[in-house]
Amino acid sequence: MTRHGPGSDIDESDLEVSHPKDYAAGVPAVLVSLERAYEQMGAVRTVQSLTRLNQRHGFDCPGCAWPENPGHRKPAEFCENGAKAVAEEATLRTVTPEFFAQHSLGELATKTDYWLGQQGRITHPMVLRDDATHYEPIGWDGAYRLIADHLNALPSPDQAVFYTSGRTSNEAAFLYQLLIRSYGTNNMPDCSNMCHESSGTALTDSIGIGKGSVSVPDIEAADLILIAGQNPGTNHPRMLSTLEKAKANGARIIAINPLPEAGLKRFKDPQKVSGVVGRGVDIADEFLQIRLGGDMALFQGLGRLLFEAEDIAPGTVIDRAFVDAHCAGFDDYEAHVRSVDLDTVVEATGLTLAQLRDTANELIASERTVICWAMGLTQHTHAVATIGEAVNVLLARGMIGKRGAGVCPVRGHSNVQGDRTMGIWEKMPESFLAALDTEFDIDTPRKHGFDTVDSIRAMRDGQATVFMAMGGNFVSATPDTAATESALRSCALTVQVSTKLNRSHVVHGTTALILPTLGRTDLDVQSSGKQAVSVEDSMSMVHLSRGRLKPVSEHLRSEVAIVCQLARTLLGPDHPVPWSRFASDYDHIRDSISRVVPGFEDYNTRVRQPDGFELPHPPRDSRRFHTETGRANFSVNELEWVPTPAGRLILQTMRSHDQYNTTIYGLDDRYRGVKGGRKVILINPDDVTELGFRDGDLVDIISEFTDSHGRLEERRIHDFRVVAYSTPKGNAAAYYPETNPLVPLGHVAKKSNTPASKAITVRLEPAARKDS
């Protein structure tokens, strides 16, 4: 039986493997949700929290960024993993000063992410002094002074790095970037750098804005939905309800993924009779089991087939009216894509020519097409070009700026898009910085800062010596674990603003601070009364979130309060930003945002509407494209894909169904049939045999890369169980963060610098025998 208690850690010998599920949700999802909620929160807090989750006068889910359907809320407006996220945050388990006195850093460092996360909410600010073996309590004033002293002692503000998690609210993110820029740097890595940076880069180049162009009603009205490199059943489960409605309205859905995912096979909505006693709804009409890294070839091949169909029936396939009125680069795109070799596309994708032609015919028949994607597209070296090719296909068909059609990058963490809108980016445009300067009478720096990968390099190389994280688990979220840990240990000070323990608390600088903060579920009371924060979902809707639960400790501070008090200590009482006023009443923050950030005019009034408000999106709203050409840009990209060397596999890292990002909720990947452990590698059965292994063998996984000097570079992780699984030949899959050590820091997407965690060349060796 899988253990979830705070005292237990992972014992991989308990791991069991069974047949994968062919549906998502249903009664098991309800039972698991209630079991985990009761286990962590008890009966009263379970009712108090789940009945307010994603409701208009409740709080926004701390999990994914999938939006609510405007105008309607179900009584249970959450999914299984949303309930797990709330249970983890609203837990009654606590990590007190007594806990830290009992557990040394040496002991905590031996624990897994799962064990650390299961211990509960941190109750007091804690400090680890130079050469100390244990964290000890510190007062808030002392913590702020310690940070300020370190920052003020730096020769340059650019020697500090400030990380942001996607859980941070709009108000906290706006103040955090304002603090950082007031201090004098743009070093603002964030979780976008590791997930959808490729999407933002490609979309900005092609349509002039790095956000999706569709809403939930658009998806429900679509004729055809392509879902590429995404697993909604685990990562965005509420999306399945939207897809179910789209199916009921006649949509065709094509799943494009190396792994068959339960949620894209069949969905059993537990809030409907058919989801409880019936078989539910078949979601995908077609499943294209594509090879890792083959999506660029797929979209180029589809582009060629569109032009072939246009030749047969001129004026019926390519939307020349849209192209001529709104697009640039079409002739170059047409010339390039007509030269694409379909035999190469077949080889690169692992699909048949018949599958390619059938998919092209679906595109031709559709008047309203949406393409959705997630990290399966964004975490490749050619990710930006791949997304550009997907947009090319939509532009050729005139599918931007019309109802039921467009681009849909499905972002992960609940306010990751809002954080970027609020200025959390190392390369914010001049217009934003100038507006900050005008609003607050300050001079913000213009020099671009470090993103995540460059921040790790800077800390590793001694160019940055102070690291502060507003949420998140930097160590476990980033690639190249050895390099990341070395980088943080090279710092003079590391600061983690956190709700719960994680790996980043035990990989620390010479001095380390843990600052405990309120979560989404917690009641936030400041001097003016109860406060609400706001978030932006994956489809540019902005709405309020109001925590209601009594915090587990009186020593917790909101992220807004932490930023404001640190700013007062660091920048002094005469700084022109009204930090005390902002901390007392968050409406004042929103008033300033309304004058700085386009689209947020009359913020306080509009965000209090029942469903909040929608931000402007020029391509969607009026087919205006704020690009260098003033038009939507077709891109021309030389075809890239990821061949498998002889005797090797191409590995993708992925989440279990029992985790969200780096938070491990439990040890059961129910949909894939993995229970009681995490160290597995899913491999095509023919590859298992050809590589000389058997299902169930223990192996070491060794990644292979060529460094900048042409030398072979290897990294090894130990004792993973081989699981024969349906994945394309030559491909494999395993969970992160366990596989993060295999990804070198320099293995990144061109232009976006996103770690290419979906394309790692590996070989397998029998696990080394341990001495008895």
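1. Two strands count as paired if DSSP finds at least two bridges between them. In this predicted model, strand β21 and strand β22 (residues 541–545) meet that condition, with four bridges in the antiparallel sense. Within this pair, Glu 536 stands opposite Val 542 of β22.

2. The pair belongs to an open sheet of three strands, ordered β21-β22-β23, with antiparallel pairing. β21 (533–536) and β23 (613–614) are the edge strands; each has a single partner strand, so one side of each has no neighbour in the sheet. Helix α7 (residues 170–183) lies across β21 and β22, and runs at about 90° to β21.

3. Strand β33 (residues 731–735) has two pairings to look at. With strand β25 (residues 649–654) β33 pairs in the parallel sense, over five bridges, and Leu 651 stands opposite Ala 732 of β33. With strand β30 (residues 680–683) the pairing of β33 is antiparallel, over two bridges; here Leu 682 has Ala 733 as its bridge partner.

4. Is β33 buried or exposed? The strand is mostly covered, with five of its five residues buried. Asn 731, Ala 733 and Tyr 735 point one way from the strand, while Ala 732 and Ala 734 point the other way, and all are buried.

5. Two helices are also worth checking. A packed pair of helices is described by the angle between the two axes and the distance between them. For helix α17 (residues 342–349) and helix α18 (residues 353–365), the axes come within 10 Å and cross at roughly 100°.

6. Which residues in α17 and α18 meet? On the α17 side they are Leu 342, Val 345 and Val 346, and on the α18 side Leu 353, Leu 356 and Arg 357. By class, this contact has five nonpolar residues, no polar ones and one charged residue.

7. How many disulfides does a search of the whole structure find? The search finds zero. A disulfide needs two cysteine sulfur atoms within 2.5 Å. For Cys 61, the closest cysteine sulfur is in Cys 64, 6.1 Å away, which is too far for a bond. Cys 64 is in no disulfide either, as the nearest cysteine sulfur, that of Cys 79, is 6.0 Å from it.

8. Cys 61 counts as buried because its relative accessibility is 6%. Cys 64 also counts as buried, at 10% relative accessibility.

Conventions. Residues numbered from 1 in each chain as written. Predicted model: local features only at pLDDT ≥ 70, side-chain atom pairs only at ≥ 80, totals over all residues. Heavy atoms only, no water. Axes fitted to C-alpha atoms, helices over the stretch in contact; angles between N-to-C directions. Contact = heavy atoms within 4.5 Å. Nonpolar A, V, L, I, M, F, W, Y, C, P; charged D, E, K, R; others polar. Buried < 20%, exposed > 50% of the residue type's maximum accessible area, 1.4 Å probe, protein only.
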